[in-house]
Amino acid sequence: MRNEYAADLGLTEADLAADWHTQFDRWFADAVAFGLPEPNAMVVGTADAAGRPSGRTVLLKGYDPDGFVFFTNHLSRKGVEASANPYASLVFPWFPMQRQVVVTGRIAPVDRSVTEAYFASRPRGSQLGAWASPQSQVVPDRAALEESYRAAAERFDGEPVIPTPPHWGGLRVRPDSVEFWQGRAGRLHDRLRFRRTDDGPPDDRPSGESESWTVERLAP
């Protein structure tokens with residue numbers, strides 16, 4: 001199976017915004033305007049302490065110059081792996097637009113206040129699901145999961161506010177690199193990468209020191 005990419009599309013250094021988050025904002029807006037189903041869907045790759053990788057599709061819930069945020073059960077496979085091996089990758093597979101964005105960086109929990117504010121905005125059914133599901137754990141059958149949901153619904157019946165589970169929260173991927181990939185004819189795709197060049201993880205920088213980045217073209 002093979003599809004040829006459009007000859008009239010491309011991505012040059014002159015096309016790029018001055019920083020990765022502005023460029024991502026442009027492309028994300030394009031994906032929304034294009035009508036892609038769930039344009040905020042991304043493949044999140046993590047690895048355990050032994051380096052064995054795993055991946056899954058998760059919904060992006062926020063981004064800014066500090067990185068990309070999603071929410072999960074911290075006892076899930078990705079939550080446990082993020083704690084044991086605090087690096088992750090993200091892939092936004094915008095295939096109908098012949099584009100993808102690939103992110104690599106450190107992953108860490110967001111502030112609890114951010115988690116609680118987001119949890120409060122979720123539909124009540126999703127809030128109950130966060131209490132009911134032992135995410136990534138083996139369950140005997142569907143009936144057991146539905147019974148757990150019913151138990152959560154009964155537990156919080158009549159409660160106007162469902163509290164945030166202690167095991168549930170946000171994770172932020174703070175990028176070391178963000179690659180913008182545009183398909184081109186003849187498999188000579190354009191790959192332009194913003195790469196952070198300051199030494200050490202962000203938390204190790206002196207107060208007030210900004211990040212420094214370079215732009216590189218990668219061979220397809």
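**A loop residue, then the fold**

R187 has a relative accessibility of 32%, so it counts as partly exposed. The cut-offs are these: buried means under 20% relative accessible area, exposed means over 50%, and partly exposed is in between, with a 1.4 Å probe and protein chains only. R187 sits in the loop between strand 7 and strand 8. Its phi is positive, about 65 degrees, although R187 is not a glycine.

Before going on, a word on the source. This is a predicted model, in which local features need pLDDT of at least 70 and side-chain atom pairs count only at pLDDT 80 or more, while totals for chains, interfaces and linings use all residues. Residues are numbered from 1 along each chain as its sequence is written, and side-chain values use heavy atoms, leaving out hydrogens and water.

S136 also has a positive phi without being a glycine, near 75 degrees. S136 is in the loop between helix 4 and helix 5.

Now the whole chain. There are five helices and nine strands. Helices here are DSSP runs of H or I with at least four residues, strands are runs of E with at least two, and both are numbered from the N terminus. Of the 220 residues, 37% count as buried. The C-alpha atoms fill a box of roughly 55 × 50 × 35 Å, taken along the principal axes. Among contacts with a separation of 6 or more, 65% are between residues 24 or more positions apart; contact means heavy atoms within 4.5 Å.

Next, the inside. Which residues have the most contacts within the largest nonpolar core? They are F24, F92, W94, V101 and F180, in a core of 29 residues. A nonpolar core is a set of buried Ala, Val, Leu, Ile, Met, Phe, Trp, Tyr and Cys residues joined through side-chain atoms within 4.5 Å. Several elements supply at least two residues each, including strand 1, strand 5 and strand 6. Helix 1 gives the largest share, five residues. Apart from this core lies another, of 12 residues, among them V69, F71, L128 and A130.

Take F24 on its own. Leaving aside neighbours within four places in sequence, F24 is in contact with L60, Y63, F68, F92, W94, V101 and F180.

Helix 3 spans residues 112–121, and its T115, Y118 and F119 are buried. Seen down the helix axis, the buried residues of helix 3 fall within an arc of 100 degrees, so they line one face. That arc is taken from the directions from the helix axis to the C-beta atoms. What covers them includes strand 4, helix 4 and strand 7. On the other side of helix 3, S113, A117, A120 and S121 are exposed.

Last, a pair of strands. Strand 1 and strand 2 run antiparallel and are joined by seven bridges; two strands pair if DSSP finds at least two bridges between them. M42 has V58 in strand 2 as its bridge partner. The two strands form a hairpin with five residues between them, and G51 in the turn has a positive phi of about 90 degrees.

How do the faces of strand 2 divide, covered or uncovered? S54, R56 and V58 are on the covered face, while P53, G55, T57 and L59 are on the uncovered one. In a regular strand, side chains alternate between the two faces of the sheet.
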